[in-house]
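These are my notebook entries on a model that I examined entry by entry. I began with the way its chains meet and then turned to the fold and to single elements.

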Protein chains: 2
Amino acid sequence: MPDFSDVSAGLQMPLAEAMQTQRAVRRLRPDPVDDETVLEVLRLATKAPTGGNMQGWEFMVIRDPGVKHQLARLNRQAWSIYRRFARRAARGNISQARILSAVQWQADHFEDAPVIIVCCLHGRVWPSTMGKASFFGSIFPAVQNLLLAARAIGLGAALTTLPLWSRTLVRRTLGLPHTLTACAVIPMGWPMGGGYGPTTRRPIEEILHLDHYGTRPYASE
Amino acid sequence: MPDFSDVSAGLQMPLAEAMQTQRAVRRLRPDPVDDETVLEVLRLATKAPTGGNMQGWEFMVIRDPGVKHQLARLNRQAWSIYRRFARRAARGNISQARILSAVQWQADHFEDAPVIIVCCLHGRVWPSTMGKASFFGSIFPAVQNLLLAARAIGLGAALTTLPLWSRTLVRRTLGLPHTLTACAVIPMGWPMGGGYGPTTRRPIEEILHLDHYGTRPYASE
């Protein structure tokens, strides 16, 4: 287990390397993650931009076994429905099947993560696309900072929204005020096995359009 | 203006430094930004996680003066409404007043940015909080990667959603299919003046809660 001096050193990882080797790490050891490490990761999360620089976030640090158990239950409830669709969609696709098996492992061991972060945002979600985008666009950049910082220090982490399927039950579980929306759940812990490493993506040229949708001057065809 | 070798070197910036000095840079020079630089920034954007690893994104690279002008118009329309509220809220707050003046500058010069990126996502936005969070949580991590990569190479960039106030007009302007949602607009260019630098945030201890909302063991009171 790294101690805090390793944490500071880890955060010096070159930006491109951190991004190129970020993965969802779901298989976590139950060994403790100290407060100083969690605070450092969250401090970098709050460096992310927010609409009008409002910084309307609150972060829940879940360590209590009872609260973790409640979140694990909520997660399993959503996963028991969702996995049927996911399994059908993943048929014959090895990389998708691998993700599903990790998500299943996560569902089975959700409460064993040493710490679970729930990222919340104050304010109202307006129904327009602009309203929704400006709301969630004021929390997911922070979530990504959190995930990149975790990656840089080798702390396993993965973003999920499954435990949030019931706004009411989440609010009751965490004691949230009505004006606060839980937007992201991130179990964190030291990786069990492989952990982080290079990822593959579709060539960027295929998903770039110049000026009008469908104009792909960068694609080699 | 940096050339491409500077770009690769810039992306080696330590992760913590990139995050700690990320700002919304809105005052941009009209000087060109080459395709290679834009592609490299977008390549890192697509390294971000997506729900179920779906990678359902498309990126519009806007260079055409006519299309930029349309986006600038949409931006000014939303800003003309929004600024009244923003000005009232910012009264007596120097840092908010400084942001408003930069947003006003951006509105006045929107079409002069050498390149504007519009980040789009396929799929349906389900009405539940979980549905919305998992949708926008599959594009804003990529947006944040894009902004951090721009910061690392010193390329000015800032996230806005104002031009997206009319889904119909955005779709027409960019020729987007009905199944695609434009989620974020990022004018990019080399900074006019100060550019990036350290930011301040509320102490993390004030916005951390342990297990239940309101339990703040980290806050010094």
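**Entry 1: the interface**

**Entry 2: provenance and numbering**

I note that this is a predicted model, in which local features need pLDDT of at least 70 and side-chain atom pairs count only at pLDDT 80 or more, while totals for chains, interfaces and linings use all residues. Residues are numbered from 1 along each chain as its sequence is written, and chains are lettered from A and ligands numbered from 1 in the order in which they are written.

**Entry 3: symmetry**

I superposed the copies by least squares on the C-alpha atoms of residues with pLDDT of at least 70 in both. A rotation of 180° with 0.0 Å of shift along its axis brings chain A onto chain B, with an RMSD of 0.0 Å. That is the relation of a two-fold axis.

**Entry 4: the fold of chain A**

I took helices (H or I, at least four residues) and strands (E, at least two) as DSSP runs, numbered from the N terminus. Chain A has eight helices and five strands, in the order α-α-α-β-α-α-β-α-α-β-α-β-β from the N terminus on. Its radius of gyration is 18 Å, close to the 17 Å that the globule rule gives for 221 residues, so chain A is as compact as a globular protein of that length. The radius is taken over C-alpha atoms, and the rule is 2.2 Å times the number of residues to the power 0.38. The C-alpha trace of chain A spans about 55 × 40 × 40 Å along its principal axes.

**Entry 5: strands across the chains**

I counted two strands as paired if DSSP finds at least two bridges between them. An open sheet of five strands, with mixed pairing, has the order 3(A)-4(A)-2(A)-1(A)-5(B). Its edge strands, each pairing on one side only, are strand 3 (156-157) of chain A and strand 5 of chain B. Strand 1 (residues 57-62) of chain A pairs with strand 5 (residues 208-210) of chain B in the parallel sense over three bridges, and A:Phe59 stands opposite B:Leu208.

B:Phe59 stands opposite B:Cys119, and B:Ile116 opposite B:Pro187.

I called a residue buried if 20 or more other C-beta atoms, placed from the backbone, lie within 10 Å of its own. Of the 221 residues of chain A, 46% are buried. In strand 2 of chain B, seven of eight residues are buried. For helix 7 of chain A the count is 14 of 14, so this helix is largely enclosed by the rest of the structure. A:Gly154 follows helix 7 of chain A, with a positive phi near 80°.

Terms used:
A residue is buried if 20 or more other C-beta atoms lie within 10 Å of its own, exposed if 12 or fewer, and partly exposed in between; C-beta atoms are placed from the backbone.
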